[in-house]
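Take a walk through this fold with the coordinates open.

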Amino acid sequence: MLQDISPIKLDNHFRPDARPDDKSSIVYFSGNEILIKKGEGLNFPTFKQMGRPDGCVYLFTIGNTSCFLYDKESRPELPASYVMMPVSQVRHEKNSYRAGCFALFTAWHLFRWYQTTRYCEACGHKLAHDSVERAMRCPDCGRIFYPRINPAVIVGVINDGRLLLTRYAPSSGHRGINYYALIAGFTEIGETLEQTVEREVMEEVGLRVKNIRYYKSQPWGSAGDILAGFFCEVDGSADIRPDLNELSKAFFASPSDVVLQNDDFSLTNEMMLKFKQGQIKL
């Protein structure tokens, strides 16, 4: 999956005193685009290549490289041989490598949070970076804001040795996603993750489920999520009643008929692969 970058490690400990050196990576977003060097494993420019700009906020260290976010309104001078690329396109670049993609989407998660967390929602004053932890603090009322992480579930529903596959409807808001996936949805207030599984399966395909088993989790920075994967079995009738506002297709597939996604970055794809290989036993 995206976060499986061993032997490289992501160190997300906040270092308020960190300052970039000439070899530090600078992550620069503009709108929905990222500055990268294509064709070389998804490289970010260094602090030196960017002209040693002010306004760099420490993000994390990946391997031996510290990464900083360029967080000023003004556009920096872009170094030669680097290009702006849509973030949504990076995952599909042939020369992208896993550690670089993981770093990019984790930085994207933080960048979008910083962009939407500029003013105190209690008193309206402009927020400032906290000097102790990764947070934004209101200098007027003292309120502290932490990065938002959205809990969501991915559900592999199994019935009679077959796995439920779905495809999003064009009206669902998931434009451009035309591959098969599993049931997915966000946890609501007052729910356990297991209750989210039950509700989402019922809402999307009208099925009751039982024997809910946790599989694995995944940070998914492109949407600011933490995904929790579960497998379960149909409880009672297996007649699918899809929500056509969400899904264009929903059906049970045998292992040999499961069509995987184009890359192996997602928890969804790994769960489908494990079922296809006969490794899931409920």
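How many bridges join strand 2 to strand 6, and do the two run parallel or antiparallel? Three bridges join them, and the strands run parallel. Strand 6 covers residues 65–70. Within this pairing, Val27 has Leu69 of strand 6 as its bridge partner. Helix 2 (residues 98–116) packs on the sheet and touches strand 1, strand 2, strand 5 (56–62) and strand 6. Its direction makes about 150° with that of strand 5. Contact here means heavy atoms within 4.5 Å. Axes are lines fitted to C-alpha atoms, for helices over the stretch in contact, with angles from 0 to 180 degrees between N-to-C directions.

This is a predicted model; local features need pLDDT of at least 70, side-chain atom pairs count only at pLDDT 80 or more, and totals for chains, interfaces and linings use all residues. Residues are numbered from 1 along each chain as its sequence is written, and side-chain values use heavy atoms, without hydrogens and water. Helices (H or I, at least four residues) and strands (E, at least two) are DSSP runs, numbered from the N terminus. Two strands pair if DSSP finds at least two bridges between them.

The sheet itself is open, with four strands in the order 1-5-6-2 and mixed pairing. Strand 1 (10–11) and strand 2 (25–27) stand at the edges with a single partner strand each, so one side of each has no neighbour in the sheet.

Elsewhere, strand 11 (residues 150–159) pairs with strand 13 in the antiparallel sense over four bridges. Ile154 has Ala184 in strand 13 as its bridge partner.

Now the cysteines. The count of disulfides (cysteine sulfur atoms within 2.5 Å) is zero. Cys101 is buried at 0% relative accessible area (buried is under 20%, exposed over 50%, partly exposed in between; 1.4 Å probe, protein chains only).

Salt bridges (a side-chain nitrogen of Lys or Arg within 4 Å of a carboxyl oxygen of Asp or Glu) number eight. One of them joins Glu121 and Arg143 at 3.3 Å, N to O. The two sit in separate loops, so the pair ties together parts 22 residues apart in sequence. Glu121 is exposed at 63%; Arg143 is partly exposed at 40%.

Glu270 forms a salt bridge with Lys216, with the closest N and O atoms 2.7 Å apart. This pair links helix 4 (residues 267–276) to strand 14 (residues 209–220), 54 residues apart. Glu270 is buried at 12%.
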